[in-house]
Amino acid sequence: MANQRKILILGANGMLGHDLAEIFFDQKPILWDMPNLDITDEFAVKQKLADLMPSLVINAAAYTDVDGAQNQPDLAFKVNADAIGYLAVACQQLGAILVHYSTEYVFSGNKDTGYQEDDKTDPLNIYGQSKAKGEEILKQNCEMFYLIRSSWLYGRSPQVGKPRGLNFVQTMLKLAGEGKEINVVSDQFGKPTYTLDLAKKTREIIETQKPCGIYHAVNEGVCSWYEFAKKIFEIKNISANLNSINSDQYPLPTPRPKYSILVNTKLEPLRKWDEALRDYLRQS
Ligand SMILES: NC(=O)c1ccc[n+]([C@@H]2O[C@H](COP(=O)([O-])OP(=O)(O)OC[C@H]3O[C@@H](n4cnc5c(N)ncnc54)[C@H](OP(=O)(O)O)[C@@H]3O)[C@@H](O)[C@H]2O)c1
């Protein structure tokens, strides 16, 4: 049954897409990114999906630059919202399952118990708004969908040369290697998640035929960005010049949630974030 499925992975060159390609490798997925298919091209989405006839579409393509979205709202909404509508309509017509990813940024981070799957979205910035809009459009246009939210992703795909640059772990290691003083905020909290674990959980959700709907797939445990950085150096046995600061000492152009905790009430929990990080650092 699983072997008969025709799987299309979109955004296959991205951080998550890279690990999805590996996790589904034995099922010979079709891997598309730009320029194979620009998901904002409605006609191309319709045409190419109708030609390919996939039974499962996993969409890891997105506009993920949080500060960039603040300056380019039209593009962010095109990729993260309008394009999801094109994919959802195409999948609905083909009878295909659509897996789509979203983020903790659809929430403001003002709820101190964290956010469950059915909580109302209340994003703080354009990136979060565009992703929340994409969620709505997905639900309205497609019946067979898995909407998987995750947070603070890091993975093995090389990001060097990409506009959005290195992931957080790679950035910390680079700064420490350069002997720089590193200031990291200790008043923003989240659940760092390894893209390999998210890709594995995605496959499990599909293969165990979970009911369609919203899922929170995150490595377990909460930390601040400072604690995250500290753990990276501890695992790598690096004595870095690391300082804990508050977000008002490191102003960013875009507001970010302070306590962006996704609570998973529907899935077998993923492993703890520090265990996953140890694994990632062993392999990278
Ligand atoms: N990164 C995080 O911390 C995080 C946290 C929570 C949730 N998520 C969600 O998880 C998913 C995967 O994130 P990621 O960090 O793996 O993303 P990523 O590394 O930025 O990869 C996204 C991929 O999509 C491609 N893409 C952009 N616009 C496209 C278009 N119009 N048509 C086709 N492909 C396009 C990108 O190509 P280019 O590189 O050429 O632009 C890139 O290869 C996204 O839905 C994201 O919102 C991410």
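Start by selecting Q209: this residue is exposed because it has 8 C-beta neighbours inside 10 Å. Here a residue is buried if 20 or more other C-beta atoms lie within 10 Å of its own, exposed if 12 or fewer, and partly exposed in between, with C-beta atoms placed from the backbone. This is a predicted model, in which local features need pLDDT of at least 70, side-chain atom pairs count only at pLDDT 80 or more, and totals for chains, interfaces and linings use all residues. Residues are numbered from 1 along each chain as its sequence is written.

Stay on Q209. The loop that holds Q209 runs between α7 (195–207) and β10. Helices (H or I, at least four residues) and strands (E, at least two) are DSSP runs, numbered from the N terminus. Although Q209 is not a glycine, its phi is positive, about 50°.

Next, select W152, in the loop between β5 (145–150) and β6 (153–154). W152 also has a positive phi without being a glycine, with a value near 40°. Is W152 buried or exposed? It is buried, because 23 other C-beta atoms lie within 10 Å.

Move to P35, in the loop between β2 (30–32) and α2. The peptide bond between M34 and P35 is cis, with omega about 5°.

Now colour residues 73–94, which form helix α4. The helix has 22 residues and spans 31 Å from its first C-alpha to its last, close to the 32 Å expected at 1.5 Å a residue. That expected span is 1.5 Å times one less than the number of residues. Where is α4 kinked? The kink, of about 35°, is centred on V79. The bend at a residue is the angle between axes fitted to the seven residues ending there and the seven starting there.

Show the side chains of α4. Its buried residues include A76, F77, N80, I84, L87 and C91. An α-helix has 3.6 residues a turn, so residues three or four places apart point the same way. Among the elements that cover the buried residues of α4 are α2 (42–52), β3 (56–59), α3 (66–71), β4 (97–103) and α5 (126–141). After α4 comes G95, with a positive phi near 70°.

Turn to the ligand. It is surrounded by 26 residues, and the closest are G11, G14, M15, L16 and A62. A residue is near a molecule or strand if its C-beta atom, placed from the backbone, lies within 6 Å of it. In this shell, α1 gives the most, with 3 residues. The shell divides into 12 nonpolar, 9 polar and 5 charged residues. Ala, Val, Leu, Ile, Met, Phe, Trp, Tyr, Cys and Pro count as nonpolar, Asp, Glu, Lys and Arg as charged, and the others, Gly among them, as polar.

Zoom out and colour by domain. The domain assignment, automatic or from a database, gives domain 1 (2–154 + 193–216) and domain 2 (168–189 + 222–261 + 272–283). Their contact takes 17 residues from domain 1 and 15 residues from domain 2. Two residues are in contact if their C-beta atoms, placed from the backbone, lie within 7 Å. On the domain 1 side, α3 gives the most, with 3 residues.

Finish at E220, in the loop between β10 (213–216) and β11 (223–224). E220 counts as partly exposed because it has 15 C-beta neighbours inside 10 Å. Leaving aside neighbours within four places in sequence, E220 is in contact with P269, L270, R271, K272 and W273.
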